[in-house]
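Please keep the sequence and the coordinates in view while reading.

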Amino acid sequence: MRILMILPALTEATSPLFRPIKYSLFPPLGLATLAGYLPDSDEVRIVDEHVERFAPDDAELPDLVVIQVYITSARRSYELADWYRAHGVFVALGGLHVTSLPDEAAPHADAIFCGPGEDTWPAFLADFRRRAPRQRYTSKLRTLQGLPPIRRDLIQRHRYLVPNSIVVSRGCPHHCDFCYKDAFFEGGKSFYVQAVDDALAEIERLPGRHLYFLDDHLFGNRRFANALFDGMRGMGRVFQAASTVDAVLAPGLLEKAFEAGLRSLFVGFESVNAANLAEQRKRQNVGRDYAAVVRRIHDTGIMVNGSFVFGMDSDGPDVFDRTVAWAVERGIETATFHIMTPYPGTGLFRRIEAEGRIVHRDWDLYDTRHVVYRPRGMSPQQLEEGYWRAYRDFYSLGNLWRGAATKDRLGDRLRHLAYAGGWKKFERVWDALIRTRQVLHALPLLESALSSFGTRRPSAVHRAAAMAATDSPGIVSGAESAHSRRKLWI
Ligand code: B12
Ligand code: SF4
């Protein structure tokens, strides 16, 4: 059987203004995971429109087309699906957006899939081979036990800066209002982990040193995380991952992660307005001292990638400057900013829709860079302008320098400048590397920036751990608060 798997890109991927480095970071892991279920006798190709141009070709029609649909790529996904169906090819659609809006996706597909694919996809393959596929498959059985190896051989490694992306869990133990998670995992477990030995075996299979864990919350199951980090110690890896502020403050785990090779941690600092956290059901962050969180991560020898969302109901026009100032003063190395975006299926969407504040459903623009709802504390224009200004200001030379100056040691300051500046100040260089397909050659630079960051200062680490153990409450003021979704992965 000939199978074509496509990860379509959002509209702007073909535009000259497309920001390629962000989209050339990670390969299509979900599709490579599904490809693992196919026998060697099948002919499989994975196309990732984020890194390659693709036009369907009626001279090369496959037997089955599989498309992974995100909200921003929904329009393009349906366009491709319609084309293949018009040419008589069976089309299977799945992924986050299909799960949120199955009735929207169904007219473009022969079969749709809701939720993770580890149970439904093999069931469908069996049905398809005996020519009796159903129109809709909904995931119920949630496990990562006994997965076939991911077909990384189908990934064009040289096109990605971070070919070694990996997930060893699915979902998250928390329930934030804006997050995709509860809708995607509805009807079954919404947080589960791989067997530690399987995760370690997958890590062993990955060439080179650098890894990026795409798990929503790598520290979410402490017993698993402890065992994983124990197993990774001595492997010589450097890695990046995401966690929440409460897990960062827990004594011991962060240190173990450092010993295992963690050098940059994504932490969602959602908002500098404490009132926003309660509104978004971000309970695990309420009352936490975020300055202490940043200090603790830095003292452990790990860089911080802070994520912030603008436009929540308690935000006024001052939120942009306050957020940037907060992040710069704490020496956060990289920051990602987002305009609040209500994704269909989330509690946030339901609330904003019930309040009559959704202004359109052009999914192309649900990309966290456009305002798609009526904000309360400012105009949509102020929100968009403030968002872009926050990026400009945070990565301005003056603020890069100010952020670096918060570090005690010269080495740490230089690294801050090199790492933070590298992403935003060299966009032309990234562009050239990507267009000439040399982007993987920049990986050693990333590895050395990460692996040389910080040296643990045990006294500071222990001080922070002791302080965290007392769980100092309520230091979050109107000007300081916490965690978020991830979009830019540096
Ligand atoms: C890595 C990543 C990216 C990467 C690369 C994506 C890629 N290569 O797959 C990059 C940086 C490009 C990216 C960009 C964006 N992303 Co992103 N990204 C992720 C992230 C962190 C991990 C995805 C992943 O690899 N998961 C692990 C694999 C194993 O799971 P999976 O991909 O979901 O695949 C499984 C199932 O979905 C299912 N499945 C998927 N397709 C199909 C098809 C069939 C037929 C079947 C049977 C099953 C099936 O089976 C797979 C195995 O279980 C997710 C968060 C998350 N936890 O999912 C956000 C996430 C998907 N991104 C999101 C967003 C919003 C964006 C951006 C708009 C951000 C922005 N501001 O620019 C852009 C737009 C991208 C686009 N194409 O339109 C949202 C999507 C919301 C939504 N409702 O669609 C998420 C959920 C983050 C969030 N919490 O809000 N992203
Ligand atoms: S936003 Fe982060 S912490 Fe909250 S549910 Fe989603 S993944 Fe978990």
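**From one residue to the whole chain**

Beyond its neighbours within four places in sequence, Ala-92 is in contact with Leu-64, Val-66, Ala-109, Asp-110, Ala-111, Phe-113 and Phe-124. The model in which these contacts occur is a predicted one.

One of the partners of Ala-92, Phe-124, is found in helix H6. Phe-124 counts as buried because 21 other C-beta atoms lie within 10 Å, the threshold for burial being 20 or more. With neighbours within four places in sequence again left aside, the contacts of Phe-124 are Ala-92, Ala-111, Pro-133 and Tyr-137.

In soluble globular proteins, nonpolar side chains tend to be buried together.

Within H3, the buried residues are Ala-74, Arg-76, Ser-77, Tyr-78, Leu-80, Ala-81 and Tyr-84. Strand E1 (2-7), E3, E4 and H4 are among the elements that cover them. Just after H3, Gly-88 adopts a positive phi of about 80 degrees.

Helix H13 (residues 290-300) is largely enclosed by the rest of the structure, because 8 of its 11 residues are buried. These are Tyr-290, Val-293, Val-294, Arg-296, Ile-297, His-298, Asp-299 and Thr-300. Gly-301 follows H13 and has a positive phi, near 100 degrees.

Which residues come nearest to ligand 1? Of the 44 residues around it, they are Gly-30, Gln-68, Thr-72, Gly-94 and Gly-117. Two or more residues of this shell are given by each of helix H1 (20-23), helix H2 (29-35), strand E3 (64-68), strand E4 (90-94), helix H4 (96-100) and helix H6 (120-129). H2 provides the largest share, 4 residues. By type, the shell around ligand 1 comprises 24 nonpolar, 13 polar and 7 charged residues. Because domain 1 (2-138) and domain 2 (164-470) both give residues to this shell, ligand 1 lies between them.

Ligand 2 has 11 residues around it, of which Cys-172, His-174, Cys-176, Cys-179 and Asp-216 come nearest. The shell around ligand 2 divides into 3 nonpolar, 5 polar and 3 charged residues.

Finally, the protein chain may be considered as a whole. Its secondary structure comes to 21 helices and 14 strands. Of its 490 residues, 48% are buried. Among contacts with a separation of 6 or more, 79% join residues 24 or more positions apart.

Note on methods:
Residues are numbered from 1 along each chain as its sequence is written. Chains are lettered from A and ligands numbered from 1 in the order in which they are written. This is a predicted model: local features need pLDDT of at least 70, side-chain atom pairs count only at pLDDT 80 or more; totals for chains, interfaces and linings use all residues. A residue is near a molecule or strand if its C-beta atom, placed from the backbone, lies within 6 Å of it. Ala, Val, Leu, Ile, Met, Phe, Trp, Tyr, Cys and Pro count as nonpolar, Asp, Glu, Lys and Arg as charged, and the others, Gly among them, as polar. Domain bounds come from an automatic or database domain assignment. Two residues are in contact if their C-beta atoms, placed from the backbone, lie within 7 Å. A residue is buried if 20 or more other C-beta atoms lie within 10 Å of its own, exposed if 12 or fewer, and partly exposed in between; C-beta atoms are placed from the backbone.
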